[in-house]
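User: I'm new to this one and would like to go through it step by step. Could you show it to me before I start asking things?

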Amino acid sequence: MIASFYRKLKIKIALLFNPKNIKIAGSCKFCGYCCQNLYLCIHNRTVMTESEFEELSARFTYLSIFRIKESTPDGLVFTCTKLKDNKCTIYSERPFICRSYPTVRMFSMNSKLHENCGFYLTAKIPFKEILDTLKK
Ligand code: SF4
Ligand code: SF4
């Protein structure tokens with residue numbers, strides 16, 4: 001009985017922390033913060049140095065809209081030249097990285113959302129539902 005309970009608990013906790021059980025909820029408040037403070041992740045690697053950025057910009061022309069803001073141990077932080085009055089001036093043609101922001105995968109790469117961002121992470125299966133399953 002106890003062994004069965006712990007087996008179920010292990011499975012449910014694994015499920016809870018499985019990235020596939022995580023989804024993005026909420027909505028954009030159009031504060032513009034993410035466009036002014038972004039890390040670039042190209043081919044699963046965060047851009048770390050200026051020379052790396054120059055090399056990538058030569059290959060991927062859309063990167064020319066970004067300017068280096070600062071260098072941090074986690075990578076270069078960029079700002080976008082297309083943000084005016086907190087609005088994207090190329091909204092209908094914005095790059096894919098902007099269209100897909102934020103993604104669940106970025107959290108597995110230690111990225112964080114701005115504390116006032118309107119998006120947040122949540123579990124697809126609510127914790128209460130998992131507890132109710134365990135009680136059965
Ligand atoms: S930080 Fe969040 S709320 Fe603000 S513009 Fe970016 S996605 Fe929208
Ligand atoms: S292209 Fe538009 S959405 Fe993308 S970072 Fe620049 S201002 Fe933001």
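Analyst: What follows is a short tour of this predicted model, from the overall fold to the ligand surroundings and a few backbone details.

User: OK, how many helices and strands are there in the protein chain?

Analyst: The protein chain has 6 helices and 8 strands, and read along the sequence they follow the pattern α-β-α-β-β-α-β-β-β-β-α-α-β-α.

User: And how much of the protein chain counts as buried?

Analyst: Of its 136 residues, 6% count as buried.

User: Let's move to the ligands. Which residues surround ligand 1?

Analyst: Ligand 1 is surrounded by C28, K29, F30, C31, G32, Y33 and C34, together with H114, C117, G118 and F119. Sorted by class, that shell contains 7 nonpolar, 3 polar and 1 charged residues.

User: What about ligand 2, which residues are around it?

Analyst: The residues around ligand 2 are C35, I65, C80, K82, L83, C88, I90, R94 and C98. By class, this shell has 7 nonpolar and 2 charged residues, with no polar ones.

User: Back to F30 for a second, where is it found?

Analyst: F30, which is one of the residues surrounding ligand 1, is found in the loop between β1 (22-26) and α2 (33-36). Its backbone has a positive phi of about 55 degrees, although F30 is not a glycine.

User: Is F30 buried or exposed, and why?

Analyst: F30 is exposed, because it has 11 other C-beta atoms within 10 Å, and a residue counts as exposed at 12 or fewer.

User: Which other residue has a positive phi although it is not a glycine?

Analyst: N44 has a positive phi too, of about 65 degrees, and it is not a glycine. N44 is found in the loop between β2 (41-42) and β3 (45-46).

User: So is N44 buried or exposed?

Analyst: N44 counts as exposed, because it has 7 C-beta neighbours inside 10 Å.

User: Last topic, the peptide bonds. Where is there a cis one?

Analyst: A cis peptide bond joins Y101 and P102, with an omega of about -10 degrees. P102 is found in the loop between α4 (96-99) and α5 (104-108).

Technical notes:
Residues are numbered from 1 along each chain as its sequence is written. Chains are lettered from A and ligands numbered from 1 in the order in which they are written. This is a predicted model: local features need pLDDT of at least 70, side-chain atom pairs count only at pLDDT 80 or more; totals for chains, interfaces and linings use all residues. A residue is near a molecule or strand if its C-beta atom, placed from the backbone, lies within 6 Å of it. Ala, Val, Leu, Ile, Met, Phe, Trp, Tyr, Cys and Pro count as nonpolar, Asp, Glu, Lys and Arg as charged, and the others, Gly among them, as polar. Helices (H or I, at least four residues) and strands (E, at least two) are DSSP runs, numbered from the N terminus. A residue is buried if 20 or more other C-beta atoms lie within 10 Å of its own, exposed if 12 or fewer, and partly exposed in between; C-beta atoms are placed from the backbone.
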